Amino acid sequence: MNLTSIPLEYYLALSSIIFVIGAAGVITRRNAIIIFMCIEMMLNAVNLTLVAFSAYLGDSAGQMFVFFVMAVAAAEAAVGLAIVLALFRSRQTVYVDEVNLMKW
Amino acid sequence: MNIQVVLFSLLAVVAIATGILLVTRRNPVSAAVSLIMHFFALAGLYLTLQAQFIAAVQILVYAGAIMVLVVFVIMLLNLGKEDVLQEKFNPRTALAIAMSSALIMQMLLAFLSAPTGFNEIAPSAEKIGSPAEIGNVLFSGYIFPFEAISLLLLAAVMGSIILAKRNIED
């Protein structure tokens with residue numbers, strides 16, 4: 001293979017691989033903090049797609065979206081970790097399968 | 001093989017490897033450290049796409065602020081290794097691995113079999129990624145979402161203070 005520059009599809013493929021690894025982590029892990037970190041990784045995979053499209057199409061809208069996604073992720077981090085703290089305080093666990101009060 | 005291709009391959013391998021490490025490590029602290037490495041690799045990928053401002057914000061906000069918060073919570077809760085017996089191999093894990101590898105195959109086929117025709121970064125990309133241009137666009141076309149985000153951050157700060165308080169009454 002003799003590449004002189006990277007086509008857009010390579011960035012899309014990389015970002016879909018990262019996204020699916022994060023999704024598999026969300027499904028298989030039990031620790032709420034690790035599930036939270038996997039969600040952050042999925043958000044980052046989408047950010048990579050947006051930045052790649054922004055650079056290849058020469059349009060700044062993608063980078064604006066990434067900026068707003070980062071702000072929402074920061075807000076989500078604060079609230080999500082506060083929920084984990086409150087959960088640990090009342091149940092002494094962070095494993096999601098031990099918290100099944102609202103499970104049907 | 002020029003420097004662009006070498007950089008992309010290196011950063012892509014680091015990003016995927018640290019992503020797999022995050023999902024497979026039992027110890028939450030080593031998972032967090034591999035996620036920090038992952039964020040640095042992504043910042044490098046943003047630099048290869050000429051998005052300087054986004055790369056800097058990625059390191060500041062994700063690898064800095066958010067991961068410090070995560071590591072702080074891990075230390076506060078004193079989380080050790082997850083019990084080996086509790087996380088034994090079950091059918092759900094096998095199903096998750098099978099379905100995610102099928103999804104990866106499908107997406108790779110979809111992306112790599114039909115080329116988009118965009119093989120070069122647009123010439124204007126270097127200008128678009130600069131902090132000055134980001135600021136221009138942000139404060140002209142995206143001023144309403146910007147204000148809405150500030151409101152959201154305020155609500156999140158107040159919500160997390162209420163949630164983390166021991167008793168609402170005092």
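The structure is a predicted model, in which local features need pLDDT of at least 70, side-chain atom pairs count only at pLDDT 80 or more, and totals for chains, interfaces and linings use all residues. Residues are numbered from 1 along each chain as its sequence is written, and chains are lettered from A and ligands numbered from 1 in the order in which they are written.

The meeting of the two chains is a place to start. Between them, 61 residues of chain A are in contact with 71 residues of chain B, where contact is a distance within 7 Å between C-beta atoms placed from the backbone. On chain A, the elements that each give two or more residues to the side touching chain B are α1 (8–28), α2 and α3. Helices here are DSSP runs of H or I with at least four residues, and strands are runs of E with at least two, numbered from the N terminus. The most is given by α3(A), with 20 residues. By class, the side of chain A that touches chain B has 46 nonpolar, twelve polar and three charged residues; Ala, Val, Leu, Ile, Met, Phe, Trp, Tyr, Cys and Pro count as nonpolar, Asp, Glu, Lys and Arg as charged, and the others, Gly among them, as polar.

One of the elements on that side, α1(A), has 21 residues, which at 1.5 Å a residue should span 30 Å; the end C-alpha atoms are 31 Å apart, in agreement. The expected span is 1.5 Å times one less than the number of residues. Of the 21 residues of α1(A), 17 are buried, so the helix is mostly covered. A residue is buried if 20 or more other C-beta atoms, placed from the backbone, lie within 10 Å of its own, exposed if 12 or fewer, and partly exposed in between.

Helix α2 of chain A holds A:Phe53, which counts as buried because 20 C-beta neighbours lie inside 10 Å. A:Phe53 and A:Glu9 are 44 residues apart in sequence, yet their C-alpha atoms are 10.0 Å apart in space. In the segment after α3 of chain A comes A:Gln92. Its phi is near 55°, a positive value in a residue other than glycine. A:Gln92 is exposed, because 9 other C-beta atoms lie within 10 Å.

In chain B, helix α3 covers residues 52–77; its 26 residues should span 38 Å at 1.5 Å a residue, and the end C-alpha atoms are 36 Å apart, which agrees. The helix bends by about 35° at B:Met67, the bend being the angle between axes fitted to the seven residues ending at a residue and the seven starting there. Among the buried residues of α3(B) are B:Ile54, B:Tyr62, B:Ile66, B:Val70 and B:Leu77. The buried residues of this helix pack against α2 (32–57) and α3 (61–91) of chain A and also against α2 (28–48) of chain B. After α3(B) comes B:Asn78, with a positive phi near 55°.

Two of these partners can be followed further. Two packed helices are described by the angle between their axes and the distance between the axes. Within chain B, α2(B) and α3(B) pack at about 175° with axes 8 Å apart, so they are roughly antiparallel. Axes are lines fitted to C-alpha atoms, for helices over the stretch in contact, and angles run from 0 to 180 degrees between N-to-C directions. Angles under 35 degrees count as roughly parallel, over 145 as roughly antiparallel, 65 to 115 as roughly perpendicular and the rest as oblique. Residues making this contact include B:Phe39, B:Phe40 and B:Tyr46 of α2(B), and B:Tyr62, B:Met67 and B:Ile74 of α3(B). The contact of α2(B) with α3(B) has 20 nonpolar, two polar and no charged residues.

B:Phe40, in helix α2 of chain B, counts as partly exposed because 18 C-beta neighbours lie inside 10 Å. Leaving aside neighbours within four places in sequence, B:Phe40 is in contact with B:Ile59 and B:Ala63. In the loop between α2 and α3 of chain B is B:Gln50, with a positive phi near 65°. B:Gln50 is buried, with 20 other C-beta atoms within 10 Å.

A:Ile33, A:Met37, A:Glu40 and A:Val51 in α2(A) meet B:Ile54, B:Ile66, B:Val70, B:Val73 and B:Ile74 in α3(B). This contact of α2(A) with α3(B) has eight nonpolar, no polar and one charged residues.

Key. Two residues are in contact if their C-beta atoms, placed from the backbone, lie within 7 Å.
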